[in-house]
Amino acid sequence: MDPSSLTALINWLIDGARSSDQPSQTMSEACGRLVALGVPLWRAGVFVRTLHPEIFGRSFVWRQGGEVEIRSVDYGFQDSPTYWDSPLAVVVRQGVAFRANPQSPEAERYPILMDLRADGVTDYLALPLIFLDGEVHASSWTTRSPGGFTEAQAEAIRAVIPALSRYTEIIGLRRIASMLLDTYVGNSAGARILGGQIRRGHTDTMHAAIWLSDLRGFTPLSDRLPAETVVDILNLYFDCQVEAIRGQGGEVLKFMGDGLLAVFPIAAQDGDPAEVCSRVLAAARAARSRVHALEYVSGDARERFRFGVALHVGEVLYGNIGGGNRLDFTCIGPAVNLAARLEKIAARLARTVVASETFAGACAEPWTDLGAFPIAGLATQQRVFGLREED
């Protein structure tokens, strides 16, 4: 085994694996280099937990002659027998290495080793990836070579682990930062923040369709039900909208109690307001159906829900607003204010979906003219439209 080639591999990882654009490419190239060094790898995997509201962790699995497979598991995985009966659970809990021959009788206590035995694997080596804060993740390395890994081959793998840990930690932190920003401020805002748009007053103008909704009767609901139940209801209620909004290309900007603010950007150059508004209305109809079907059983009561959504099109100011070092990435402007006023009119008229004249004009639907209404802060009355199917 060439020591200089092993050192080159380690230095390549320390330097950020710059010849690879993606972690999967890094995994593939690192394993390929180990094989070229004389390490008879058959399968290798890196398993990393992450910070995400739905994803417990991700795995990157390389197989000789194949592509790297990337998989995600939800939080139920950490309580499953698949995890607890795995050598990786031992590695993560204790921060120690684990080595076994899948062909030996001792391996029969681990189902994964039985699967590897059927594949002809002769050696299984699991090593911890220890991050700087002490958090432990895991890697696994297998071979089908007769007799398993030699000690020199196993040492070569161990020598790569510190550099692989640093690379995995850095890539993981960048991904976590991106996912957390997407989770808390939205995809577009998260990309802008990571791109350096972090100073107060740093804003852009966006032409967009605006969605502003709230839950009818939320105040009495929250007064008569326990706070934990109200939170559970709100999460189910927002699920009815968020999936519909994102499915039609919208971005949820903010949850405000029982209110939701979302935008559907309209491209400045070749954007088609009619097409965007049609997608917004499709999302509103989908959300209406889901909220109508939503039921929540609390004690002997069966709760049902209604909501209202106001739709408008206009210019919004989109960016950082706040005080000192506490900022919020949001949108403001007369168009947002008008949408908020329209939502109150929707409640007064017992309508689920109402639209401004601008939105209704851009969206060729059978609208009903509900009349002109005075809007606080505006000198002229505004015409409001409702879906004819809700007449």
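**Group meeting: pocket, salt bridges and a surface patch**

Helix α9 contributes eight residues to the lining of the largest pocket, the most of any element. Keep in mind that this is a predicted model.

The volume of that pocket is about 960 Å³. It is lined by 27 residues, and Asp182, Thr183, Val242, Arg246 and Phe255 are the closest to its centre. Elements giving two or more residues to the lining are α6 (151-185), α9 (227-247), β8 (251-256) and β13 (326-332). By type, the lining residues are 12 nonpolar, six polar and nine charged.

Next, salt bridges. The count is 23. In one of them, Arg288 pairs with Glu390, with the closest N and O atoms 2.7 Å apart. Arg288 sits in helix α10 (residues 273-293) and Glu390 in the segment after β16 (382-387), so this pair ties together parts that are 102 residues apart in sequence. Is Glu390 buried or exposed? Glu390 is buried, because its relative accessible area is 19% and the cut-off for buried is under 20%.

Arg383 and Asp369 form another salt bridge, at 2.9 Å from N to O. Arg383 is in strand β16 and Asp369 in strand β15 (residues 367-373), so the parts tied together here are 14 residues apart in sequence. Both are partly exposed, Arg383 at 34% relative accessibility and Asp369 at 40%.

There is also a network: Arg99, Asp123, Glu151, Glu155 and Arg158 are joined by salt bridges that share partners. Within helix α6, Glu155 and Arg158 are three residues apart, about one turn, and their closest N and O atoms are 2.8 Å apart.

Last, the surface. Leu317, Ile321 and Ile332 make a nonpolar patch with about 210 Å² of accessible area together. Ile321 belongs to strand β12 (residues 307-323).

Technical notes. Residues numbered from 1 in each chain as written. Predicted model: local features only at pLDDT ≥ 70, side-chain atom pairs only at ≥ 80, totals over all residues. Heavy atoms only, no water. Patch = residues over 30% accessible without salt bridge, like charges linked within 9 Å, V, L, I, M, F, W, Y side chains within 5 Å. Areas by Shrake-Rupley, 256 points an atom, 1.4 Å probe, with all protein chains shown as cover. Salt bridge = Lys/Arg side-chain N within 4 Å of Asp/Glu carboxyl O. Helix = DSSP H or I, 4+ residues; strand = E, 2+ residues; numbered from the N terminus. 1 Å grid on protein atoms, 1.4 Å probe; cavity = no way out; pocket = protein on both sides within 12 Å on 5 of 7 lines; lining within 4 Å. Points joined across faces, edges and corners; volume = space filled by probe spheres on them. Nonpolar A, V, L, I, M, F, W, Y, C, P; charged D, E, K, R; others polar. Buried < 20%, exposed > 50% of the residue type's maximum accessible area, 1.4 Å probe, protein only.
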